[in-house]
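Please read the numbered points beside the sequence and the model.

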Amino acid sequence: MSSIPRDCVRIVEVSPRDGLQNIPEHIPTATKLALIQRLSRTGLTTIEITSIVSPRAVPQLSDCRELLSHENQENPLHLPVLIPNLKGLTIATSLGVRSISVFISATEPFSQNNTKCTVSEGLTRARDVTIQAKEMGMSVRGYISCIFTDPISNTPTDPEDVLRCTRELLEMGVDEVALSDTTGTGTPSLVHSLITYLTISPNTIPLNKLAVHFHDSYSRGLSNVWAAYEAGIRVFDGSVAGLGGCPFAPGARGNVASEEVVGMFEGRGVRTGVDLDMLEGVAGWVRGVLGQYQDNDIVMMQLLP
């Protein structure tokens, strides 16, 4: 990824995937497509639209093939798809996907609970997918879950484990690593400390290879976003209307709201390239359409093989 000027940031919208995956009631594919199309008109250039996973694991995303087959996806947007394994990559390739994301956990308990594998095994899966995807000219993003706390053991995450995962993802060829505070336990101090640890000598992870993904479980999402910005991060995930949360992590309530992130940055003179009025309009539309489904009490599911 190229460097972004200090007075500019890039917002990665994750609501069509991460925002909807936790809702147990079926959301029509047409509604998901309408959400993606509305978001695309706001100036957002990267919108993660779905994940190719087992429908037993995440029933809400069982229409991923239908959604990806829809011919009205707008270009030249980046429309990444979350891919768990080589089977998912094969499906994605057959549907013309050109941008993917892989995911791992920095902690063993969550890795075992989420994907039924160790952290090392998760890295191996991610490496297999990434190498093959890069050979086909795809862009690849890597998520690292649980950067501050493991939600299964409720213990702090060792920064060295985050560093190891970050290094391995970059070495296998991912274009960008999204540091993900899965349960929202981070604080501005922890955010600044972790980013400094990763990027300052002797570790020297390039700042322009990092993004952040915060949840707003304890109403610290925006403060954590700004702390990451002050530490040098220029790429930030958001979910319109604060939709979402990880269905596999106890206590992982909604993502930080994209419109609040954009409003904060624009209000402080940092350009996002996003039309705030239009984005707030999408947020209002989402609340109206999905309000009947949205439940901040996480419904626990298991990610089956």
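1. What percentage of the 305 residues in the protein chain do buried residues make up? The share is 56%, where buried means under 20% relative accessible area, exposed over 50%, and partly exposed in between (1.4 Å probe, protein chains only). The model is predicted, so local features need pLDDT of at least 70 and side-chain atom pairs count only at pLDDT 80 or more, while totals for chains, interfaces and linings use all residues. Residues are numbered from 1 along each chain as its sequence is written, and side-chain values use heavy atoms, with hydrogens and water left out.

2. The protein chain contains eleven helices and eleven strands; helices (H or I, at least four residues) and strands (E, at least two) are DSSP runs, numbered from the N terminus. Of the contacts in the protein chain between residues at least 6 apart in sequence, 77% join residues at least 24 apart, a contact being heavy atoms within 4.5 Å.

3. Helix α8, residues 188–199, has twelve residues and extends 17 Å from its first C-alpha to its last, close to the expected 16 Å; the expected span is 1.5 Å times one less than the number of residues. The buried residues of α8 are V191, L194, I195, L198 and T199. They lie on the same side of α8 because they cover an arc of only 115° around the axis, taken from the directions from the helix axis to the C-beta atoms. Their packing partners are α7 (159–172), β9 (176–181), β10 (210–214) and α9 (221–230).

4. Helix α9 is mostly covered, with seven of its ten residues buried. These are G221, N224, V225, W226, A227, A228 and Y229. The elements covering them include β9, α8, β10, β11 (235–238) and α10 (258–267). After α9 comes G232, with a positive phi near 115°.

5. The second largest cavity holds about 30 Å³ of space. On a 1 Å grid over the protein atoms alone, a cavity is a set of points where a 1.4 Å probe fits but cannot get out, and a pocket is an open set with protein on both sides within 12 Å along at least five of seven lines; lining residues have an atom within 4 Å of a point. Grid points are joined across faces, edges and corners, and a volume is the space filled by probe spheres set on the points. Helix α8 gives the largest share of this cavity's lining, four residues. The lining divides into nine nonpolar, no polar and no charged residues.

6. The largest pocket has about 580 Å³ of space. Of the 30 residues that line the largest pocket, I52, V53, S54, P84 and N85 lie nearest its centre. The lining comprises 16 nonpolar, nine polar and five charged residues; Ala, Val, Leu, Ile, Met, Phe, Trp, Tyr, Cys and Pro count as nonpolar, Asp, Glu, Lys and Arg as charged, and the others, Gly among them, as polar.

7. Some backbone details deserve a check. Most residues other than glycine have a negative phi, and most peptide bonds are trans. A cis peptide bond joins S201 and P202, with omega about 15°, and P202 is in the loop between α8 and β10. C146 has a positive phi near 60° and is buried, at 1% relative accessible area. A241 has a positive phi near 65° and is partly exposed, at 21% relative accessibility.
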